[in-house]
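Please have the structure open as you read.

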Amino acid sequence: MKRRIGILTSGGDCPGLNAAIRGVAKAAYQMFDAEIVGIKDGYGGLIDGEWREMKQSDFSGILTLGGTILGTSRQPFRNMRVIGEDNVDKVSAMKKNYKAMKLDCLITLGGNGTHKTSNMLSEEGLNVIGLPKTIDNDLFGTDFTFGFHTAVDIATDVIDRIHTTACSHGRCMVIELMGNKAGWLTLYAGLAGGADVILLPEIPYDVDRVLSIVEDRAKENKAFSIIAVAEGAMSKEEAKMKRKDRDLQRQQEGFTSISARLANDLQQKVGVEARTVIPGHLQRGGTPSAYDRVLATQFGVHAAELIRDGVYGVSVAISGNAITHNALKDIAGVPKLVPPDHQMVQLARAMGLHFGVKR
Ligand code: F6P
C-alpha cells in the first residue's frame, strides 16, 4: 500500500513537535510504502505552496530537538476565508496545493486554531488527521497535549529557583506563566512548585483577598510569598470588561502585564517588597521531557495507524491512559478550560493554597 503524506506544524511551537513528526514518519515507513512531504511554516506553506520531499534520514536525530524542523506560523482561523490585499483565496489555495502535492492525507500538528482549520479542510473534502500540541493543554477531547508537561517542568523549575531567593530576601515574588485563556500550566506548576497563591483566568480574583493573604503570611512570620499567576488572569472587576478594554485600562495605568499590576498593588497597599518574573517563551523552548517524548511518539504512531486504516477527519488524543482519536468536528474550536471546581483546584485548596477568592 502506498500513501503520500503531507505534514505541517502550525501555531505557537512547543517541545515535542519533532518527536511527533518522527513518530508519524518512522511508523509510516514501517507500516506501508510511505512518501512524506514536509510543508513549511504551517498553513502558510500550504497556502503559498512551499514544501519539500522528505527522506527517511530527515527524521533521524530529531527526537530530543526542541522547536519544529518544518517551521511554523500563526494563521488565524478567522482570516482563513477572508480575501486580503494579496487577493489570495486561502482555502482554494490550500486545496489546490494539496492536489498539486498529490497527497493522500494531511497531518496537522497544532492547537485550537490549527484544529479549527483542520476541521474546515476536512469538511472541504481533504483527508486530515490532527495531533494536539500546546503548552496550554487546552484542547477538548484529550487529557493532555504534548508540550504541556515539559512546560510544567520548566515553570516548576522557575518557581523552585525563585523560592530560594524569595526566602533569602523575605520578598513576595509574582511569577507570571503562559496561558491566556486556560490556566492548566499555572495550576500544575503552581502546585508542583508550592506556590502560596495561584491565579487563573478561569477564577477571577478579588484583589483585596490576594493582598490580605500575603499580609496574613507576613504576620504569621512567613517572610516570603510566591504568587503563580497566569498571563490571562484578571480581577473580578476586570472580568466584567471586554478584553481590549481591560488591556487598554492596564496600559493607561502603566502596567504591561498582570504580574506588574499585582506587584505594584502589593508594594503600595501591603508594603511588602515585591518583584516580578516572566519566563515567557522559555516555557516553549528546548528539549521535550521524557513524558512528552513518549506522548508525542504515541500520538505520531497512532496517526500512522489511522492512515494505514484510512481513518480521516479525526484528531489523536489520550484519554485515561489510552491513545485514541476524536472526530475533528466534535472537538475543533471547543476550548478546554480549568473548571473552577476541578479536583486539582479542590486538592490545592485542601493543601491551604489560595486562588484569590473566598472559599
Ligand atoms: O498557545 C501557546 C502560547 O504559548 C500561549 O500560552 C501564549 O499566550 C501564546 O502562545 C504566546 O504566543 P506568541 O508566541 O505568538 O507570542
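## The second largest pocket

The lining of the second largest pocket is made up of six nonpolar, five polar and eight charged residues. Here Ala, Val, Leu, Ile, Met, Phe, Trp, Tyr, Cys and Pro count as nonpolar, Asp, Glu, Lys and Arg as charged, and the others, Gly among them, as polar. A pocket is found on a 1 Å grid over the protein atoms alone: it is an open set of points where a 1.4 Å probe fits, with protein on both sides within 12 Å along at least five of seven lines, and lining residues have an atom within 4 Å of a point.

This pocket has a volume of about 380 Å³, a volume being the space filled by probe spheres set on the points, which are joined across faces, edges and corners. Asn180, Glu231, Arg243, Asp247 and Arg250 are the closest to its centre among its 19 lining residues. Helix α9 (residues 243-252) supplies the largest share of the lining, five residues; helices are DSSP runs (H or I, at least four residues), numbered from the N terminus.

## The model behind the values

This is a predicted model, in which local features need pLDDT of at least 70 and side-chain atom pairs pLDDT 80 or more, while totals for chains, interfaces and linings use all residues. Residues are numbered from 1 along each chain as its sequence is written, and side-chain values use heavy atoms, leaving out hydrogens and water.

## The largest pocket

Where does the largest pocket lie? It lies between domain 1 (2-147 + 288-331) and domain 2 (150-284), because both give residues to its lining; the domain bounds come from an automatic or database assignment.

The largest pocket holds about 1,000 Å³ of space. Its lining has 32 residues, with Arg74, Asn112, Gly113, Asp136 and Lys181 nearest the centre. Helix α4 (residues 112-123) gives the most, four residues.

## Around the ligand

Residues surrounding the ligand (a heavy atom within 4 Å) include Arg74, Asp136, Asn180 and Glu231. A polar side-chain atom of glutamate 231 is 2.5 Å from a ligand oxygen atom, and arginine 284 has one at 2.8 Å from an oxygen atom of the ligand; polar contacts are pairs of N or O atoms within 3.5 Å.

Definitions and conventions. Helices (H or I, at least four residues) and strands (E, at least two) are DSSP runs, numbered from the N terminus. A polar contact is a pair of N or O atoms within 3.5 Å; within protein, one must be able to donate a hydrogen and the other to accept it, and residues adjacent in sequence count only if both atoms are side-chain atoms.
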